[in-house]
Amino acid sequence: MSPVRVAVLISGSGSNLQAIIDKIEKNEINGELVVVISNKENAYGLERAKNHNIEGLLIDSKTVDHHEYNRLILSAVKERNIELVVLAGYLRILDKEFIEAYKDRIINIHPSLIPSFCGKGFYGLKVHQSAVEYGVKISGATVHFVDEKADNGPIILQKAISLDFDDTAESLQRKILAVEHELLPEAVKLFCEKKLKVIGRKVSICK
Ligand code: GRF
């Protein structure tokens with residue numbers, strides 16, 4: 001099987017991107033990371049791409065309107081024959097045209113157990129603050145396929161962790177990030193091995 005051509009979209013630090021790069025470099029994923037696309041100029045993820053000789057592309061979301069911006073990303077991924085688009089801390093919503101073009105080929109990581117603490121406005125520390133304030137005993141991470149609603153598509157993998165009484169939003173964020181670094185590369189690996197099948201709202205993982 002030839003390696004699956006992967007694009008990762010980021011807006012920030014890119015620690016999840018790094019987790020994918022590391023697994024690909026160890027040959028644990030049958031994928032080739034072709035391009036890292038950022039909508040923010042100062043995203044550290046672009047540095048990470050550079051450090052690993054991966055093309056980094058800045059498509060600044062400030063300078064064009066939403067649809068034009070989406071069209072620019074769509075043509076960038078099409079031109080590079082990308083087969084899988086990974087959203088790794090990417091803080092923009094993709095439009096309908098993009099999602100239809102890459103149906104069941106876009107995955108996202110979210111730092112909670114969807115459907116809790118997700119959807120519009122739930123990003124960054126807010127997700128963990130809400131979980132701590134609610135007093136939940138478990139939270140975790142979710143990797144899912146992307147559809148037209150925020151954090152809504154079919155779930156690929158989830159992993160739960162327990163909260164300690166003293167956990168703060170910051171400590172919970174750190175704990176969950178460590179889980180994300182396992183879960184996202186695992187989902188990419190499964191996709192690249194063609195083991196994921198979407199059946200309605202469910203994702204079957206072939207053995
Ligand atoms: C992660 O918590 C991810 O779940 C969320 O944004 C954060 C990105 O972190 N969507 P990083 O840029 O990968 O370090």
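How far is an oxygen atom of the ligand from an N or O atom in the side chain of S15? I looked this up before anything else. The separation is 2.5 Å. I note that the model is predicted.

I went on to E180. An N or O atom in its side chain lies 2.6 Å from an oxygen atom of the ligand. I then checked S13. Here a polar side-chain atom and a ligand oxygen atom are 3.3 Å apart. I also looked up the cover. On its own, the ligand has 370 Å² of accessible area, and the protein covers 82% of that.

**Entry: pocket and shell**

Where does the ligand sit? I find the ligand in the largest pocket.

I listed the residues around the ligand. I sorted the shell by class.

**Entry: aromatic pairs**

How many aromatic pairs does the structure hold? I count two. I looked at F117 and Y134. Their ring centres are 6.2 Å apart and their planes meet at 70 degrees, so I log the pair as edge-to-face. The pair links distant parts of the chain, with the partners 17 residues apart. F117 is in the loop between β5 and α5 (125–134), whereas Y134 is in helix α5 itself.

**Entry: backbone checks**

I stayed with the loop between β5 and α5, where P115 lies. A cis peptide bond joins I114 and P115. Its omega is about 15 degrees.

I also looked up N53. Its phi is near 55 degrees, a positive value in a residue other than glycine. I placed N53 in the loop between α2 (44–51) and β3 (55–58).

Note on methods: Residues numbered from 1 in each chain as written. Predicted model: local features only at pLDDT ≥ 70, side-chain atom pairs only at ≥ 80, totals over all residues. Heavy atoms only, no water. Polar contact = N/O pair within 3.5 Å; in protein donor to acceptor, adjacent residues only side chain to side chain. Areas by Shrake-Rupley, 256 points an atom, 1.4 Å probe, with all protein chains shown as cover. 1 Å grid on protein atoms, 1.4 Å probe; cavity = no way out; pocket = protein on both sides within 12 Å on 5 of 7 lines; lining within 4 Å. Sits in = over half its atoms within 2 Å of the grid points. Phe/Tyr/Trp six-rings, centres within 6.5 Å; stacked < 30°, edge-to-face > 60°. Helix = DSSP H or I, 4+ residues; strand = E, 2+ residues; numbered from the N terminus.
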